[in-house]
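Subject: Structure for you to look at

Hello,

Here is the structure I said I would pass on. Please open it first, and then read the notes below.

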Amino acid sequence: MKTPPTYDDANLILKLYDLRREPRLRDARKWFGAAPQFQSREEWLKLCPPGSDENASFRMVVTYWDMAASFVATGVLNPELFYRANNLELLFVWEKIRIILPELRAASKNLIQYRHLEEVGKSFLAYMKANAPDWYEQSFAPMIAKVGR
């Protein structure tokens with residue numbers, strides 16, 4: 001680790017974990033986990049129409065992980081500690097939305113929508129590929145492809 005994590009980093013990791021256990025977020029995460037990797041905004045709108053519980057669950061999960069990623073992206077939270085602290089769910093969320101993100105941004109006219117999730121998702125993938133070179137292709141990518149299909 002270039003910069004050692006602090007006790008504040010550890011406490012923030014624990015707080016983020018505790019927030020994930022909140023019942024409504026837990027239900028949203030369960031729904032999101034069973035949803036397919038979104039291939040288009042049109043497919044996403046069919047599965048998560050505006051005003052639906054599914055749309056609320058989608059937004060709850062994606063904005064939670066974008067918020068957590070913002071701590072890493074802005075230097076508030078030590079990146080390597082975040083990566084090592086079993087936060088692979090962030091990668092799962094990133095992989096599920098990365099294909100449709102340009103369409104979501106264009107439709108909302110918000111070119112920075114979920115930018116922290118994107119930035120940290122990409123750097124987390126690079127970290128995993130450097131430290132577990134075969135993990136993505138052999139374990140993670142096939143799992144994403146199977147979910148919800």
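What percentage of the 149 residues of the protein count as buried? The value is 42%. Please keep in mind that this is a predicted model, and that the values below were computed from it.

Overall build

The protein has 9 helices and 0 strands. Along the principal axes, the C-alpha atoms fill a box of roughly 45 × 30 × 30 Å. A compact globule with 149 residues would have a radius of gyration near 15 Å, and the protein agrees with this because its own value is 15 Å. If you take the contacts between residues at least 6 apart in sequence, 74% of them join residues at least 24 apart. The protein exposes about 8400 Å², and carbon and sulfur atoms supply 55% of that area.

Helix 6 covers residues 88-97 and is mostly covered, with 9 of its 10 residues buried. Among these buried residues are Glu-89, Phe-92, Trp-94 and Lys-96. Glu-89 meets Arg-29 in a salt bridge, with 2.7 Å from N to O. Glu-89 belongs to helix 6 and Arg-29 to helix 2 (residues 23-34), so the pair ties together parts that are 60 residues apart in sequence. Both Glu-89 and Arg-29 are buried.

Other salt bridges

Side chains of opposite charge can pair when their charged atoms come close. The count for this protein is 8 salt bridges. One of them joins Asp-18 to Arg-21, where the closest N and O atoms are 3.4 Å apart. Asp-18 is partly exposed at 40% relative accessible area, and Arg-21 is also partly exposed, at 44%.

Another links Glu-42 and Lys-46, with the closest N and O atoms 3.7 Å apart. Both residues lie in helix 3 (residues 41-47), 4 residues apart, which is about one turn of the helix. Glu-42 counts as exposed because its relative accessible area of 54% is over 50%. Lys-46 is exposed too, at 65%. Elsewhere, salt bridges with shared partners join Arg-20, Arg-29 and Glu-89 into one network.

Aromatic rings

There are 11 aromatic pairs in the count. In one of them, Tyr-64 and Trp-65 have ring centres 5.0 Å apart and planes at 85°, so this pair is edge-to-face. Tyr-64 and Trp-65 are both buried. Five residues, Trp-31, Phe-32, Phe-38, Trp-44 and Phe-58, form one aromatic cluster. A ring can also lie under a charge: the charged end of Lys-129 sits over the ring of Tyr-136, 4.7 Å from its centre.

Most residues other than glycine have a negative phi.

Regards

How values were computed. Residues are numbered from 1 along each chain as its sequence is written. This is a predicted model: local features need pLDDT of at least 70, side-chain atom pairs count only at pLDDT 80 or more; totals for chains, interfaces and linings use all residues. Side-chain values use heavy atoms; hydrogens and water are left out. Rings of Phe, Tyr and Trp (its six-membered ring) pair if their centres lie within 6.5 Å; planes under 30 degrees apart count as stacked, over 60 as edge-to-face and the rest as tilted. Buried means under 20% relative accessible area, exposed over 50%, partly exposed in between (1.4 Å probe, protein chains only). A charge sits over a ring if NZ of Lys or CZ of Arg is within 6 Å of the ring centre and within 35 degrees of the ring normal. Helices (H or I, at least four residues) and strands (E, at least two) are DSSP runs, numbered from the N terminus. The radius of gyration is taken over C-alpha atoms; the globule rule is 2.2 Å times the number of residues to the power 0.38. Contact means heavy atoms within 4.5 Å. Accessible areas come from the Shrake-Rupley method with a 1.4 Å probe; for residues, only the protein chains shown count as cover. A salt bridge is a side-chain nitrogen of Lys or Arg within 4 Å of a carboxyl oxygen of Asp or Glu.
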